[in-house]
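Q: Could you walk me through how to read the features of a protein model, one at a time?
A: Gladly; let us look at it together.

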Amino acid sequence: MLRFLLLVFALAAPSVQFEKVGLPFTLQNSPTPEKYLVETMPGGVAAFDYNGDGRPDLFFANGAELPSLKKTTPKYWNRLLRNEGGGRFTDVTEEAGLQGEGYSIGVAAADFDNDGQPDLFVTGVNGNHLYRNTGTGRFEDVTEHAGLGSNVWSVAAGWFDFDRDGRLDLFVVNYVQWSAAANPVCKDPGQKVRVYCHPRNFAGLANSLYRNRGDGTFEDVSAKSGIAKSVGKGMSLAIADYDGDGFPDVFVTNDTQPNFLFRNNGNGTFAEVALAAGVALTDDGKPVSSMGVDFRDLDNDGLPDLVFTALTGETYPLFHNTGKGQFRDATFPSNMGKLSAHLAGWGIALADFNNDGRKDILTANSHVTDNIEEFSGDRYLQANTVFLNSGGGKFEAATARGALSADKHAHRGAAVADFDGDGKPDVVVTALGAPAELWLNRTSAAGHWLDLQLQGTHGNRDGIGAVVRVGDQTNIQTSAFSYASSSLGPVHFGLGSATSVPLLEIRWPDGRKQMVRNVPADRKVIVKENE
């Protein structure tokens, strides 16, 4: 496998260091002269332990032939890579039965049937699929039985227990009304070069919400929950209890339209409150091309904040949760405005890469238009970036240009997990027409750490939706964030110089609270919900 060391320097915060490992997967987006909009969008990746050996594995959603939207050869298969340890992965797609169908875009991982085996929901263009993990190394397509078929373009999805009944429900983010047969011709501003059409050329779609009945089937509650009232052009989602009422809420990024924040009313319905909460638009009052998103506490005040990627010139907006259901646009006060002004981003993740007790920001970058350089000074291929959290609500570029990598590609999805078991979060990123990138975190000066593997005993076996507090840090158990991607694993905490945790507090998804005392650092600890 290809490996090389990359040093990434910070100005004031501790440095981080990564080693790149080659992976046997190349993302196929099938670019054509017709500039089908779907060509810009694939690239979801899931990090999850499908076989229970303690090592996170990788699933990649892959494209298909155009305009047929069919996986006509194995190069278009979705791929499952089994983690063998030591940075080595084996392609087990065929034996797992996960080759897939159609033009796949994104993926969401979680144990929807509470059998202890993580399952996969794969989104795509005019077709979504639910794959149940049988526990034998194989997955079975149960889409039809589950009632989760689709004939629209879905980009992302997220699992969460919105009604707190112990069963994971499914939120699906839908994009626009598109077909290859009605693909418009769009040109650059000078009307000389054919380009991908702006989203304004397509009608939007409402998102979908499915309630888990507990018998392997789902009820479409999009309308009666209020979700279907809001029509947008959805790209991705992240889930957190932003107002502290014990019920999970959903933030959806929209492409060139105001974003959505669906507040969970606790009675099976949602209210779209993004404008009132201050996260629909940035401070200039204009919608941006909102892409991937994460929803976690960045400043250790106990409240989940929002950060999402956008396209060139739009910056990567950061909204600080001020409490009482309100957010403040902190993009420029946090330095993220200046740091991201010339970047275009897709995947994003908030994780403590140097284990200093503060969550950093990773972004997977690329312009959306593959021929942008023919008529603009912008650059199509871009490097990934890490922005280190220096405290006080401020971020610094991990290099002078904020680059994680010298490699410039058309990056899309991103997932975070500890792939080599050393206690430091690693990163996997996809890129159109290029091999996937696995970046193993080799930071030598990293602090101590703690990973919590939560096990729910009242349903919801993954503990998705649990809120965990360690000292002044808060993190959540979720697999829904980034762009069209998913990371299902332990809840991670960087501890700095601390060698133990005197007290950790867990609020489980059903509202039960649990405390665990005197936990040693530098290990993964299984925490089972009290009976």
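**Reading pockets, strands and a disulfide**

A: Start with the second largest pocket, which has a volume of about 620 Å³. This is a predicted model, where local features need pLDDT of at least 70, side-chain atom pairs count only at pLDDT 80 or more, and totals for chains, interfaces and linings use all residues. Residues are numbered from 1 along each chain as its sequence is written, and side-chain values use heavy atoms, with hydrogens and water left out.

Q: What is a pocket, and what is a cavity?
A: On a 1 Å grid over the protein atoms alone, a cavity is a set of points where a 1.4 Å probe fits but cannot get out, whereas a pocket is an open set with protein on both sides within 12 Å along at least five of seven lines. Lining residues have an atom within 4 Å of a point. Grid points are joined across faces, edges and corners, and the volume is the space filled by probe spheres set on the points.

Q: Which residues lie nearest the centre of the second largest pocket?
A: They are His-198, Pro-199, Leu-311, Val-368 and Thr-369, out of 32 lining residues. The lining divides into 18 nonpolar, 8 polar and 6 charged residues. Here Ala, Val, Leu, Ile, Met, Phe, Trp, Tyr, Cys and Pro count as nonpolar, Asp, Glu, Lys and Arg as charged, and the others, Gly among them, as polar.

Q: How many cavities of 30 Å³ or more are there?
A: The count is 1, and the largest cavity has a volume of about 190 Å³. Of its 20 lining residues, Asp-241, Pro-248, Ile-464, Gly-465 and Ala-466 are the closest to its centre. Two elements, β11 (154-160) and β19 (234-240), each give two or more residues to this lining.

Q: Which cysteines does the disulfide join?
A: A disulfide is a pair of cysteine sulfur atoms within 2.5 Å. The structure holds 1, joining Cys-186 to Cys-197 with S to S 2.0 Å. The torsion about their S-S bond is about 100°, so the disulfide is right-handed. Cys-186 lies in strand β13 (residues 186-187) and Cys-197 in the loop between β14 (194-195) and β15 (205-206), so the pair ties together parts that are 11 residues apart in sequence.

Q: Are Cys-186 and Cys-197 buried or exposed?
A: Buried means under 20% relative accessible area, exposed over 50%, partly exposed in between (1.4 Å probe, protein chains only). Cys-186 and Cys-197 are both buried, in a chain where 61% of the 531 residues count as buried.

Q: How many helices and strands are in the chain?
A: Helices (H or I, at least four residues) and strands (E, at least two) are DSSP runs, numbered from the N terminus. The chain has 4 helices and 41 strands.

Q: What strands pair with β33?
A: Strands of a sheet pair through backbone hydrogen bonds, either parallel or antiparallel. Two strands count as paired if DSSP finds at least two bridges between them. Strand β2 (residues 16-26) pairs with β33 in the antiparallel sense over 6 bridges, and Glu-19 stands opposite Leu-440 in β33. Strand β32 (residues 426-431) also runs antiparallel to β33, joined by 4 bridges. β32 and β33 form a hairpin with 2 residues between them, and Gly-433 in the turn has a positive phi of about 65°.

Q: Why is β33 largely enclosed by the rest of the structure?
A: Because 7 of the 8 residues of strand β33 (residues 434-441) are buried.
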